[in-house]
Every structure is written in structure tokens, then in C-alpha cells.
Amino acid sequence: MRFTMAASSGTTTRWSSSHNYNTLTYEDTLLVRSELAPLIEPEPDDATALRFDALMYGIELAFLAGKKYVRARHDLMTKVAGIASVANIPEIMAQSELIDKILHTDYVENAGINEFEHIRENLRDLMKYLPKKRVRYDTDFDDQILSMEWKESELENDDLKNYKAKAEYYIRQHQDKGVIHKLKTNRPLTSDDVKALEEILWSEVGTKEDYEAEYGSKPLGEFVREIVGLDMNAAKEAFAEYLNDTSLDSRQIYFVNQIVEFIVHNGMMKDLSVLQEPPFNAMGSVVEVFTDTSIWMGIKSAIERVNANALAA
């Protein structure tokens, strides 16, 4: 807090001693409000941090009311995924463990007040790094200005009533099992795996019509990958030939590492045009970084194999 001492000397002398706060009368509180409160000016704060505060306070209030506030939790995941997409920033890298827990575990589902407050305190100042202009991603990471009001109807305990929420919840809860685990660890799918996904998404969670209404003709494996991402070890293994190649220079290694980070958080890289945007072009374009086109073509093939593993053989 920043203090500007502009009150009368008598007032400042009286209230500069902590002893005078021990037995406040009603008249004292009025005096404090009129004379002292104007002296306290809050430090300027980034608007994105304040919006994140409002989001988290809404989630905390809902938790205390015994509700889930699904829309706000979805907004939280969207924002965290947004900052994860620019994970090369040092302040974001410092919070990578918390970000990974939020995106890739059931941390938020099992969180209480202390955990939500931990998220707020540690991530609020990172919201300024949310990309202002989004390149096209298959998942929607657009930032939104949130209302500071929340409606009781949004806090129903039956927070999994719509197909999108149910499908994403099911996948996150089962990301270490069966065909979902195969997708997360970059193991190629068989036709039987696709049938297992159809059983989950078109029978257990909802219907084929529900899925197509939300996601159109998007392949099921691709949809699951977008939710769970790719395991970091699996991603590194997919590009190990280049990450461990001592003949590559620092710019090339940086470029490959950015590809790995992107795929870990997004599951796939279908649109290679993202490579023309930050952080990929921080050290030059693909053509400038990979003067030997055969190296780039090999990396491109590795990307395509990761994508293909999310589809049936």
C-alpha cells in the first residue's frame, strides 16, 4: 500500500499509535473512515490480474456454498491453458508444476479453499501474458472478460448435465486408463481402440448425435488428445533423435523444444502455420533456423507421426 499523509497533524498523531485502536467507539470508526481511509491508495494492478481474482473468488464462494460453478472452472482451465501456450516465459516456467497439475490432473476437481487461493496468488500476475491475438488452435483458448456476478442457476450440483462437460470430465478422470492412456502416451490406435472410444463417447457419456452437435466430424482420438495433451516423456521420446543430436545448434534445439512444449499442452500440431508465430520464431523462421532442409523434413515427419497416432491404423 502507498500512503499519502494529508490529514491534520492531530489526526495522524492520534492514529499513529496502535494503542488507540484497542477500544474503538462508533465515532472513532467514522473518523477513521473519513480521515485515514483516503490516505490509503492501492497500488495500480493489471486488469487481467483483477479479472482473474474475480474469477477465483467466484469459484471460492461457490465452493463455500457447496456448489461447483462449472462455467468459472471451465474459464479457469481456459486461462491456464492459455498461459501454458507461452510457457517459455520465465515467470510462467517457474509455475510449470502448478500449471501442469491444473491441466493434467484432477487437482482442481479435488481442490479446497486453500488450493484455490494458492492458484489465485501464484497465477494472477501471469494473466498479462495471455496471448492477445490467438493463432488458430483446435481448442478455444480465447480470453474472456468475466462478470463479477454469478447466478445461483450456474451453481447446480448437477454440473455435468451437458454433453461437453460430461465428455471432458470423463476423459480427465480416466486419462491414465485404457485407450485414453494410449492417446496420452503417443501409442498408435487400432480399430478396436476407436470402437472403445465410440462406446465411451457415444454410449456411456452421451450419443453420437450429442458428440457431432458439439464437435462435428472431429476424430475421437483427436478430441481426446486435445483434452489430455501428450505426456512429456512420450513427447520427448518422439523427438529424441533431434533433442539428443549434438550436431544441432542452440537455435535448432530451442525450436524443437518449443514444438515439444506445444504438443504436450495441445496433444497435436495439425496446423503448422503456428510455427510462424511466437515463441517458435523467436530465433528465426523455419527456413532460417534449418538451412539443411533434410533436418526440418525429419522433424516435420515426427510431428506427423504424433498426429497419426491419434487416429486408427
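Trainee: What makes helix H12 (residues 220-228) count as mostly covered?

Mentor: In this predicted model, nine of the nine residues of H12 are buried. Buried means under 20% relative accessible area, so each of those nine residues falls under that cut-off.

Trainee: Which residues of H12 are buried?

Mentor: The buried residues are Leu220, Gly221, Glu222, Phe223, Val224, Arg225, Glu226, Ile227 and Val228. Charged residues are among them, including Glu222, Arg225 and Glu226.

Trainee: What comes just after H12?

Mentor: Gly229 follows, with a positive phi of about 70°.

Trainee: How much of the chain counts as buried?

Mentor: Of its 313 residues, 41% count as buried. The chain exposes about 17,000 Å², and carbon and sulfur atoms supply 52% of that area.

Trainee: How many helices and strands does the chain have?

Mentor: There are 17 helices and two strands.

Trainee: Why is H15 called roughly parallel to H17?

Mentor: The axes of H15 (residues 250-266) and H17 (residues 293-308) cross at roughly 10° and come within 12 Å. Angles under 35 degrees count as roughly parallel, so H15 is roughly parallel to H17.

Trainee: Which residues of H15 and H17 meet?

Mentor: From H15 come Phe255, Val256, Ile259 and Ile263, and from H17 come Trp296, Ile299, Ile303 and Val306. The contact divides into eight nonpolar, no polar and no charged residues.

Trainee: Why is H3 called oblique to H4?

Mentor: Helix H3 (residues 47-64) and helix H4 (residues 70-84) pack at an angle of about 140°, with their axes 9 Å apart. Roughly antiparallel needs an angle over 145, and roughly perpendicular runs from 65 to 115, so H3 is oblique to H4.

Trainee: Is that crossing left-handed or right-handed?

Mentor: The crossing of H3 and H4 is left-handed.

Trainee: Which residues make the contact of H3 with H4?

Mentor: H3 supplies Phe52, Leu55, Met56 and Ile59, while H4 supplies Ala72, Arg73, Asp75, Leu76 and Lys79. These residues divide into six nonpolar, no polar and three charged. Arg73, Asp75 and Lys79 are the charged ones, because Asp, Lys and Arg count as charged.

How values were computed. Residues numbered from 1 in each chain as written. Predicted model: local features only at pLDDT ≥ 70, side-chain atom pairs only at ≥ 80, totals over all residues. Heavy atoms only, no water. Axes fitted to C-alpha atoms, helices over the stretch in contact; angles between N-to-C directions. Helix = DSSP H or I, 4+ residues; strand = E, 2+ residues; numbered from the N terminus. Left-handed = near helix turned anticlockwise from the far one by under 90°. Contact = heavy atoms within 4.5 Å. Buried < 20%, exposed > 50% of the residue type's maximum accessible area, 1.4 Å probe, protein only. Areas by Shrake-Rupley, 256 points an atom, 1.4 Å probe, with all protein chains shown as cover.
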